[in-house]
Amino acid sequence: MSFAFNDDQKMLAESADRFMLDDYAFETRRKIMSMDEGFSREVWSQFAELGWLALPIPEEHGGLGGSTVDTAVLMECFGRGLVVEPYMGTVVLGAGVVAAAGSDAQKGEILAGVAEGRTLLGFAHIEPKARFTLSHVETTATKDGAGYVLNGDKAIVHNADAADYLIVSARTAGATTDTDGVTLFLVDRKAEGVELRSYPTIDGLRASEVKLGGVKLGADAVIGDVDGAMPVIEAVVDRANVLLCAEAAGAMDAAVKLTVEYLKTRVQFGRPIGDFQVLQHRSVEMLGAKEYSRALTYRAAGVMDVANARDRARAVSAAKVEMGRAGKKIGQDGVQLHGGMGMTEDMAVGHYFKRLTMIDMLFGNTDHHLRRFARLA
Amino acid sequence: MDLILTPEEEAFRLEVREFLAAEVPEEVKRKTMTGFRLSKEEHVSWQKKLYEKGWVAPGWPVEHGGTGWTPMQKHLFEEECAAAGAPPVIAFGVTMVAPVIMAFGNDAQKGYYLPRILRSDDWWCQGYSEPGSGSDLASLRTKAVLNGDHYVVNGQKTWTSLAQHANLMFCLTRTEDTGKRQEGITFLLIDMEQPGVTVQPITTIDGSQEINNVFLEDVKVPVENRIGEEGKGWTYAKYLLGHERTGIAAVGRSKAQLKRLKTIASAEQHEGQALIEDANFREKIAEIEIDLLALESLVLRVLSDESSGKGPGPEASFLKIRGTEVQQGITELLVEAVGNYAHPYVPDAMKTGWNEDPIGPEHAASIAPHYFNWRKASIYGGSNEIQKNIIAKAVLGF
């Protein structure tokens, strides 16, 4: 088991960090956020040209076949840049599901399009009453001749309004939280009966509530096994969680650096406030929290592609707990140490705080993952 | 979350495990696992066994008697030792004074001391802290005056761990009072078995006698016992602090103690079920287990940086902070786990040869003393607050 980055990973980090500095500065990001779709198609094309969209996609489908650690390296840079483009929904979750369980026809149709930047996906799984229970699926898929009819509500589907397809989970058998009986479907976002209520999120992204009112699908819309989608969803969400932790590591790194810089320049009582030991120690604690979270995240990322479901789940949950605690500490203290300035929209630190807080709240928060880890002990 | 190992690493782990299973005496294992104090003879005899196997100094360069192991092998070795209840090698010789002798000692010193350290022929202690010089170590006042071919040393050292066993002390002394205080410090090796050296035990809150005052009155130290140059001792002491710092994280030990905690929490009953089934307690264990996993991950990252030529650097101070927090956290949960039977304090029950019935469950006897004793961890080796100062200055540039 290696704890060192290889040369390809170092090069990827260098080029992605360079991109964030040159092409994705704080002001640029602000302009991008105010665009119609809440992200930039131009930036997305650049991601495609740089090979970033192809990174985790299998080689036989036009991708680079990168490991979870490779993708984590990229996500860490995205975290530093607070990237708002729909990488998580399209590449990690959407393409992740299709690559794991899709038919050859689905893979052929979707994966190359994602890698080339032509196709965007939305992962429509979470439901209004599900909280963090992954198997809570009320949406129904009723047999209709050879096909299905979907009815139900999906919540917080990031970038659904820009997506070409939604990956929708629905119950084909069993009770609301049963592990068996969930099936995944590939749904054209413009299909009749798909209604979106779209909104910005507190951390600068876009999302939608998705209403599925009698959406008719052919049998070829089914992704993977009928009734057997939960293991796929769990695996894909586990990987997404590790990658969210990697994104958080980048965001934490940037927030700590900004805070330390601020302490060195802000003068009160006739000296930089960074001269005060109480503030030095708080920044050291912030840095330490980041280091530990990052180290555990990469360890979990390394486990992801090789371990069985239980070990994978334990690794992810440990990383998410560490990230949740570290993210809260760094976000809150980052703002606190910036004083009044930290409260303002114009300072980046608050934006990192918001993103870190929302990463904790996605796919299970700290408490949820602590319980999950403890149960698997 | 187990480490993912290569077949070679698995084979190595097995080899270590089998050696330890055959060689660690039962009584030593019991004492180490439960935090009871080992006798000097038990320590020395174990270290001699490791020496014979060639495993006593994994961190040393091969030419001096090291093992040439990879970082992962060193990590696995430490973990297996802790899991098997093998006593940790006493640090003062092998991991503290030896690297200083290797880096700054002359050939005669290297030739004499290093083989003796490998063979555990000497027991070293560390003469750093003084009554007036704790965190502010550079203020130390123990005076060494050159008189022909020897120094005459006068002063007092304190918190000197296991000085009662030691025949040698590596000691920071003041040879110059003027100028920058860091520049007047000289690193001397002092023979403890001579007139003028008095060791006086200090009893700690757990009732044990592990640390001491050491009084030095007109103690004669030959000039050939000086390491490097006069006045450069501070540099050597700092070198020592930057060396093999990952060990201070005590990952292997904490893993073993966490396992013990789970065993005890499974045996203890709470409201009609095993304590470990209590959701609240189980989550407390989970939190500390996650802290420990993160610690291990960072240790392995630092070790892999070291093997690629990057020094451990001041980031290692993080390992000291988290490492001691985890150790202390586990001792705290152990006290919670035994509940009522944390109360009895029967020091004799912790000694070899005690054969009366235990008071309460056998596992409870050492738990509370262990907890109180372990508060030392965030204080020694540069308190955790001092570690934060180091990071603030060296990493964050304050």
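## Strand pairing in chain A

In this predicted model, strand S3 (residues 147–158) of chain A pairs with strand S7 (residues 206–217) of chain A in the antiparallel sense over nine bridges, where two strands pair if DSSP finds at least two bridges between them, and helices (H or I, at least four residues) and strands (E, at least two) are DSSP runs numbered from the N terminus. Within this arrangement, Leu150(A) stands opposite Val215(A) in S7(A).

Strand S6 (residues 194–200) of chain A is also joined to S7(A), by seven bridges and antiparallel, with Arg197(A) opposite Glu209(A) in S7(A). S6(A) and S7(A) form a hairpin with five residues between them, and Gly204(A) in the turn has a positive phi of about 90 degrees.

## Conventions

Residues are numbered from 1 along each chain as its sequence is written, while chains are lettered from A and ligands numbered from 1 in the order in which they are written. Local features need pLDDT of at least 70 and side-chain atom pairs count only at pLDDT 80 or more, whereas totals for chains, interfaces and linings use all residues.

## Leu244 of chain A

Leu244(A) is found in helix H7 (residues 230–265) of chain A, and Leu244(A) counts as buried because it has 27 C-beta neighbours inside 10 Å (a residue is buried if 20 or more other C-beta atoms, placed from the backbone, lie within 10 Å of its own, exposed if 12 or fewer, and partly exposed in between). Leaving aside neighbours within four places in sequence, Leu244(A) is in contact with Ile359(A) and Leu362(A), contact being assigned if the C-beta atoms of two residues, placed from the backbone, lie within 7 Å.

## Helix packing in chain B

Helix H4 (residues 71–83) of chain B and helix H8 (residues 251–267) of chain B pack at an angle of about 35 degrees, with their axes 7 Å apart; axes are lines fitted to C-alpha atoms, for helices over the stretch in contact, and angles run from 0 to 180 degrees between N-to-C directions. Residues of H4(B) including Glu78(B) and Glu79(B) meet residues of H8(B) including Arg253(B) and Lys255(B).

## The contact between the chains

The contact takes 27 residues from chain B and 30 residues from chain A. On the side of chain B that touches chain A, helix H9 (279–307), helix H10 (316–338) and helix H12 (384–394) of chain B each supply at least two residues, and the largest share, 13 residues, comes from H9(B).
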